[in-house]
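This report describes the arrangement of strands and helices in one protein structure. Please study the sequence and the model before reading on.

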Amino acid sequence: MKRARVIAIVTALSAAAMLSACQPPAAAPGPSESSPSESSPPQTDLRIEVFADGKELSAEHRLSCSGRDALAQSTLPEATSACQLLHDSPALLTEPTPTEQTCTMIYGGPDRATIRGTLNGISVDATFDRSNGCAIHRWDTLQPLLGSGGL
C-alpha cells in the first residue's frame, strides 16, 4: 500500500511540475503609463531632406515626437502638425507605396524628398517626388513634413 501511495505522490508532483512549466512567466514590472521621461528617446525621430530642384539640397529638418507632441529638438516649421499627422496615420511613412494604381500623368515639378529615421520604433527610409498625380497627392498629404512643393 505504501508503494502505491508513493507512486501517486510522485505522479501528482510530476504533473504539477509539468503544469507549472506551461504557465507564462510573470510579467516584469514595466514603466509607468505616465508621460515619457526626459531621458527616454523620442518615439519618432526623423531626418527630412528636400531637394526643390530635384538635385540640390534645399532644406533639411529634424522631426522628433513623443506621441502627438513635437519635442524641442524638432527643426521642422510645422512640427506639431507633422507629429499629429504621423501619430494618426503612421502608414503614410511605414507602408509601401501601392504599385498597382492608376495615376494621372500630370507633372508636379522636380521636387524630391527623403525621410529617414524611426517612426514609433519602426525604421523609415522613404522617398517622395511629384512625378504624377498619385505622387503629388502623396506629397500634398505629407505637406507638414515636406512643404508645399510644386513649380
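## The sheet and its helices

In this predicted model, strands β1 (residues 44–51) and β2 (residues 59–66) run antiparallel to one another and are joined by seven bridges. Within this pairing, Val 50 has Ala 59 of β2 as its bridge partner.

The two strands belong to an open sheet of five strands, arranged in the order β3-β2-β1-β4-β5 with antiparallel pairing. Its edges are formed by β3 (69–70) and β5 (122–129), each of which pairs on one side only.

| Helix | Residues | Strands it lies across | Angle |
|---|---|---|---|
| α2 | residues 79–88 | β1, β2, β3 and β4 (112–119) | about 60° to β2 |
| α4 | residues 133–141 | β1, β4 and β5 | about 125° to β5 |

Which of its residues are buried? They are Gly 133, Cys 134, Ala 135, Ile 136 and Trp 139. These buried residues of α4 pack against the strands β1, β4 and β5, and also against α5 (143–146). At the start of α4, Asn 132 places a side-chain oxygen within 3.0 Å of the backbone nitrogen of Cys 134, a residue that is itself buried.

How many aromatic pairs does the structure hold? The number is zero. The ring of Phe 51, however, has the charged end of Arg 112 over it, at 4.1 Å from the ring centre. Phe 51 lies in β1, which spans residues 44–51, and Arg 112 lies in β4 (112–119).

Conventions
Residues numbered from 1 in each chain as written. Predicted model: local features only at pLDDT ≥ 70, side-chain atom pairs only at ≥ 80, totals over all residues. Heavy atoms only, no water. Pairing = 2+ DSSP bridges. Helix = DSSP H or I, 4+ residues; strand = E, 2+ residues; numbered from the N terminus. Contact = heavy atoms within 4.5 Å. Axes fitted to C-alpha atoms, helices over the stretch in contact; angles between N-to-C directions. Buried < 20%, exposed > 50% of the residue type's maximum accessible area, 1.4 Å probe, protein only. Polar contact = N/O pair within 3.5 Å; in protein donor to acceptor, adjacent residues only side chain to side chain. Phe/Tyr/Trp six-rings, centres within 6.5 Å; stacked < 30°, edge-to-face > 60°. Lys NZ or Arg CZ within 6 Å of the ring centre and 35° of its normal.
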